[in-house]
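User: Please examine the structure below and answer some questions about its pockets and surface.

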Amino acid sequence: MPPASRGLVAAKTLVHALALTPATILAWQIREEFLTGSGGLGADPVAEIEHRLGLWALRFLMITLAITPLRQLTWQPVLIRFRRLLGLYAFAYATLHFTAYLVLDLRGYWTQIFEEIAKRPYITVGFAAWLLLVPLAVTSTQAAIRRLGRNWGRLHKLVYVVAVLAVLHFWWLVKSDIREPALYAGILAVLLGWRLWKRGFSVRRRAAAG
């Protein structure tokens, strides 16, 4: 195996290890909470579990969106090789977040989810964000990319809608202190603003060249 390939494998292995660390720590704390009642999950373990999984889903979503600007700023095309991986971790944590809500909050009365979606706006936008992530995760294989062709890129632009809905879900969920969701809203504004600026710059350059 060439040194470059070995380096890429090592880097991906490290990303996997780092990405799985929050889930591993949380799983250990849940085990300790169940066995001893002192897992460090606070007075409301269910809320803490759901919050932490949702927060990591949002973080991985932001990191995924940051890959393109970082590649453009650093001139390191290899960074693109990590975008799909990080996006799948965002979906995985979002799915765990949703599952925790169904199992721990609704306690098996899953048919209530439709009532909750209808009457609670923050659940409505959160569920919509997760639902839009599903086709992105399903079509993240090389076979799907080849089969969809140009439509793959159009479909995966839904990630911007997902990001907006995810931040809105977090914002509406928080009842008083909005500093943390505001931080993620600011990060998202920068990431989307960069893309708009780059697109405008490309249009102006083509116009000047033509």
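User: In the lining of the second largest pocket, how many residues are nonpolar?

Analyst: This is a predicted model, in which local features need pLDDT of at least 70 and side-chain atom pairs count only at pLDDT 80 or more, while totals for chains, interfaces and linings use all residues. Residues are numbered from 1 along each chain as its sequence is written, and side-chain values use heavy atoms, without hydrogens and water. Ala, Val, Leu, Ile, Met, Phe, Trp, Tyr, Cys and Pro count as nonpolar, Asp, Glu, Lys and Arg as charged, and the others, Gly among them, as polar. By these classes the lining of the second largest pocket holds 5 polar and 4 charged residues, and the nonpolar residues number 21.

User: Which helix gives the most residues to the lining of the second largest pocket?

Analyst: A pocket is an open set of points on a 1 Å grid over the protein atoms alone, where a 1.4 Å probe fits, with protein on both sides within 12 Å along at least five of seven lines; lining residues have an atom within 4 Å of a point. The second largest pocket has 30 lining residues, with Glu 50, Gly 54, His 97, His 169 and Leu 173 nearest its centre. Two or more lining residues come from each of helix 2, helix 3, helix 5 and helix 8, helices being DSSP runs (H or I, at least four residues) numbered from the N terminus. With 9 residues, the one that gives the most is helix 2.

User: What is the volume of the largest pocket?

Analyst: The lining of the largest pocket comprises 33 residues, and Thr 68, Arg 83, His 156, Val 159 and Tyr 160 lie nearest its centre. Helix 3 gives the most to this lining, with 7 residues. A volume is the space filled by probe spheres set on the grid points, which are joined across faces, edges and corners. For the largest pocket, this volume is about 1000 Å³.

User: Is Val 103 buried, partly exposed or exposed?

Analyst: Val 103 is located in helix 3 (residues 83-105). Buried means under 20% relative accessible area, exposed over 50%, and partly exposed in between (1.4 Å probe, protein chains only). Because its relative accessibility is 42%, Val 103 is classed as partly exposed.

User: What share of the 210 residues in the protein is buried?

Analyst: The protein has 9 helices and 0 strands. Its C-alpha atoms fill a box of roughly 65 × 45 × 35 Å along the principal axes. Of the 210 residues, the buried share is 32%.
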